[in-house]
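This report describes selected local features of one model, from individual side chains to packed helices. The sequence and structure are shown first.

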Amino acid sequence: MKILLIEDDVSLSEALEQALKKEKIIVDRAADGEVGWELATAFSYDLIVLDILLPKLNGIELCQRLRAHKNATPILLLTAQDSHSNRVLGLNSGADDFLAKPFDFEELLARIRSLVRRSSSDPLPMLKWGNLTLDRNRREVTYHDQALLLTPKEYGLLELLLSNKNRILTNAFLADHLWTAEATPSDNVIRTHVKKLRHKLKQSGVEDAIETVYGTGYRLHPQPDEAELQPIPEPVDAPTDAPTQAAADLLEHGLSRLWNQYKQSYIEQVMAFEQTIHDLQTQLDPDRQKLYLQAQQLIHTLIGSVGSFGLERAAQLGHSIEHLLLTLNVNQPEPSHLQQLSALSEEFKLELERSSEELQFTPPSSIVNQTSRSSRLLIVEDDIPLANQLAVEAMLQGFSVDIATTVSEARAAISTPCNSVGSAQHCPNIVLLDLYLPDTPTHGYELLAEFSAATPPIPVIVLTAYDSFTNRVQVARLGGLGFLAKPLFPQQVIHAIEQVLQQEKPVGTKILIVDDDPQLSDQLQQLLASWEFQLTIVTQPQQLWSTLERVNPDLLILSTEIAETSAIDLCQVVRNDLRWQQLPIILLSNSQDSATIQRAFAAGVDDVVLKPIGSELVVRILNRLKRTQLQRARSPL
Amino acid sequence: MTKRILVVDDDDGIRDIIQFALEAIAGWQVTTVNSGYSAFDKAILIQPDAILLDMMMPDIDGLTVLRHFRDNPITQHIPTILLTAKAKSLDLNRENISDRQDIANLGISGIILKPFKAQTLVEQIRALLNWDSAEC
């Protein structure tokens, strides 16, 4: 990488040059705008670092002039004043980035790298050729994860070759990109550097990477296996919500490299934990309490760390250890309990040791699912401090949280993101609603009704200071799944929400639907989509019998458009079979006629829901399932 | 503009994972520090667009650092995301409650629980800060 540094403060520019050289970056320096202009037009650079206040021609003017001459080299402006107008002026004149003095050197480097990467035709932080990897961020070259020690010139050469595959690089091109303006090399010098690079590559086991094209220059040999060696495109500019396969590959590579780097230190932490457990057996009481807390902290941190590396099995083991530790009686630890802890931590350590090369990563498709599965909570609460406390508590339990303090904000939170395609993960899975909102005469009831009527319906738990039977009934009628009366600690509120979510997600519950109206079937599927039921839909009543036996459902929904009586008859038939006497049956009915409804109940229907169907049906289904569960729990049959 | 992120965590591995993930996936500029003390100086120096702050550090804890951030006019408005492990559910001791009230009052942009998934970290941060993925 070659940079032109235009800066009149000699001490600063010297210091920068030194530091950049350490990063294997080649630097040309100019102390005023005119010299800078000459160099910039005569040579090609990967980046120009440009001070604003310069003699002869200031940075802004130089920037404008370069852009007017169609010079597209990325420009990073440096200035002493970090004022907004300066920034705007600089960026308007065509600069790509802006850094105020005094700056942090690391930050300058990061920006330089990022600018060069962005503008490069091959914007990859990782360049690969077989098992040879060049990491531009770390400026490291590895072959089979073994580091190669290269000089800055050798590194630069390899980087140019790797980023210009299939292209012959002439001596002039190499000289232009790798040497400063004063030190234009002879062909011999270039040849020597190429030779040294070849030698180092060969020493590390890389055969035949660089080809000499006689009379022209150098080129990277075609790769042994093209398919495996496709460059990993960096998805910086791809505004996708889901991580792409390429990004996942890149991360996987990075994570396993990092893991190998840190593995040993985590193993040592496990050993420290083992020692603490061992000491718990021998120490006296006051120390024991301290050791116990120490052990808790150690394992807690370890889980966070190894889990973040993607070592899920190890993290699971860590959780078991943590759980076991929490149930330990500190004052009188049972020897067997401690032994169990030691055994588990030994297993934990072995798991980490085993993990070296074969990190188990979750494929990107399932990652996306997992993110969307983390529950999103919408808090509708006008008491802002309370809302914030609830939010913190919910986030500590792993919820994503949105807060709405007014009815309109609450509506916006469910309408905008939920209706746009592909942003289902921004929709709340559950709403905590304070009924008494200042900006509505109907209080939260209207909102509650709207949430329940949404497709799919959004479960709502009500939080209110006004606890009365009438309120409770009204909330239940409108489809509210829970009623919490203030005052409660935020912890208690969020705990209640977690419990409702757990209860209300009867994952895998099998529901059989008999329905000959395709439109209604669609509606049912939509309505029940977010509940993870296993739905089976039968469109011909005649198929019911065989399907019943095959599916063995937990609940049956009957709805036939042909005639109400046929559904009731169907129910009768099902009930007549001993095997299906316990099966909960819900009838979807068009008729409010009490005689029909009575006949339905007489035939063995458990519940009747009037069409058109809405979220009420979900509540009834959940209710029915819960009742059945309770009944089963009570009777040993 | 490329976003600048400051990561404060005493766990070397965690710092490196975060830096790697954010740089590789989003191209953000990531600066990391390993202690609460250096966090404060660094934040003033580089004035990042967002801070990821570990709660449990040996020198000074995240809550104290957060308090300092909010007291200083330079760092006051920098969105801060806390890094912490999942809390024990229904843990109602007094210290716990007052800490959480403090966090709520000081104002944070969100919490990322450890262990996190490196693969979705960028998405998670964008969502918490309402950053548009097309822009940064």
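Leaving aside neighbours within four places in sequence, A:Arg257 is in contact with A:Asp135, A:Arg138 and B:Phe20. The model is a predicted one, and in it A:Arg257 is placed in helix H9 of chain A. With a relative accessible area of 17%, A:Arg257 is buried.

Helix H9, which spans residues 245-282 of chain A, also holds A:Tyr262. The relative accessible area of A:Tyr262 is 12%, so this residue counts as buried. Beyond the neighbours within four places in sequence, A:Tyr262 is in contact with A:Phe309 and, in chain B, with B:Asp12, B:Gly13 and B:Asp16. The C-alpha atoms of A:Tyr262 and A:Val306 are 10.0 Å apart in space, while the two residues are 44 residues apart in sequence.

## Aromatic pairs and charges over rings

Over all chains, the count of aromatic pairs comes to 6. In the pair B:Trp28 and B:Trp131, the ring centres are 5.3 Å apart and the planes lie at 85°; an angle over 60 degrees counts as edge-to-face, and the pair is therefore edge-to-face. B:Trp28 lies in the loop between helix H1 (12-26) and strand S2 (29-33) of chain B, and B:Trp131 in the segment after helix H5 (121-129) of that chain, so the pair ties together parts that are 103 residues apart in sequence. Both B:Trp28 and B:Trp131 are buried.

B:Trp131 also has a charged group over its ring: the charged end of B:Lys3 sits 4.5 Å from the ring centre. In chain A, A:Arg65 lies over the face of A:Trp37, at 4.9 Å from the centre of the ring. An aromatic cluster is formed by A:Trp259, A:Tyr266 and A:Phe309; A:Phe309 is also one of the contacts of A:Tyr262.

## Helix packing in chain B

Two packed helices are described by the angle between their axes and the distance between the axes. For H1(B) and H5(B), the axes come within 9 Å and cross at roughly 80°. Angles of 65 to 115 degrees count as roughly perpendicular, and H1(B) and H5(B) are therefore roughly perpendicular to each other. On the side of H1(B), the contact is made by B:Ile18, B:Ala21, B:Leu22, B:Ile25 and B:Ala26, and on the side of H5(B) by B:Leu121, B:Val122, B:Ile125 and B:Arg126.

## The buried side of helix H16 in chain A

Helix H16 of chain A comprises residues 445-453, and its buried residues are A:Tyr445, A:Leu447, A:Leu448, A:Phe451 and A:Ser452. Around the helix axis they cover an arc of only 160°, which means that they are on the same side of H16(A). An α-helix has 3.6 residues a turn, so residues three or four places apart point the same way.

## Backbone features

In chain A, the bond from A:Lys486 to A:Pro487 is cis, with omega near 0°, and A:Pro487 is in the loop between strand S17 (482-485) and helix H18 (490-503). In chain B, a cis bond joins B:Lys114 and B:Pro115, with omega about -5°; B:Pro115 is in the loop between strand S5 (110-114) and H5.

Positive phi values in residues other than glycine include that of A:His144, near 50°, in the loop between strand S8 (140-143) and strand S9 (146-148) of chain A. Phi of B:Gln47 is likewise positive, near 40°. B:Gln47 lies in the loop between helix H2 (36-46) and strand S3 (50-54) of chain B and is partly exposed, with a relative accessible area of 39%.

Key:
Residues are numbered from 1 along each chain as its sequence is written. Chains are lettered from A and ligands numbered from 1 in the order in which they are written. This is a predicted model: local features need pLDDT of at least 70, side-chain atom pairs count only at pLDDT 80 or more; totals for chains, interfaces and linings use all residues. Side-chain values use heavy atoms; hydrogens and water are left out. Rings of Phe, Tyr and Trp (its six-membered ring) pair if their centres lie within 6.5 Å; planes under 30 degrees apart count as stacked, over 60 as edge-to-face and the rest as tilted. Helices (H or I, at least four residues) and strands (E, at least two) are DSSP runs, numbered from the N terminus. Buried means under 20% relative accessible area, exposed over 50%, partly exposed in between (1.4 Å probe, protein chains only). A charge sits over a ring if NZ of Lys or CZ of Arg is within 6 Å of the ring centre and within 35 degrees of the ring normal. The arc is that of the directions from the helix axis to the C-beta atoms. Axes are lines fitted to C-alpha atoms, for helices over the stretch in contact, and angles run from 0 to 180 degrees between N-to-C directions. Angles under 35 degrees count as roughly parallel, over 145 as roughly antiparallel, 65 to 115 as roughly perpendicular and the rest as oblique. Contact means heavy atoms within 4.5 Å.
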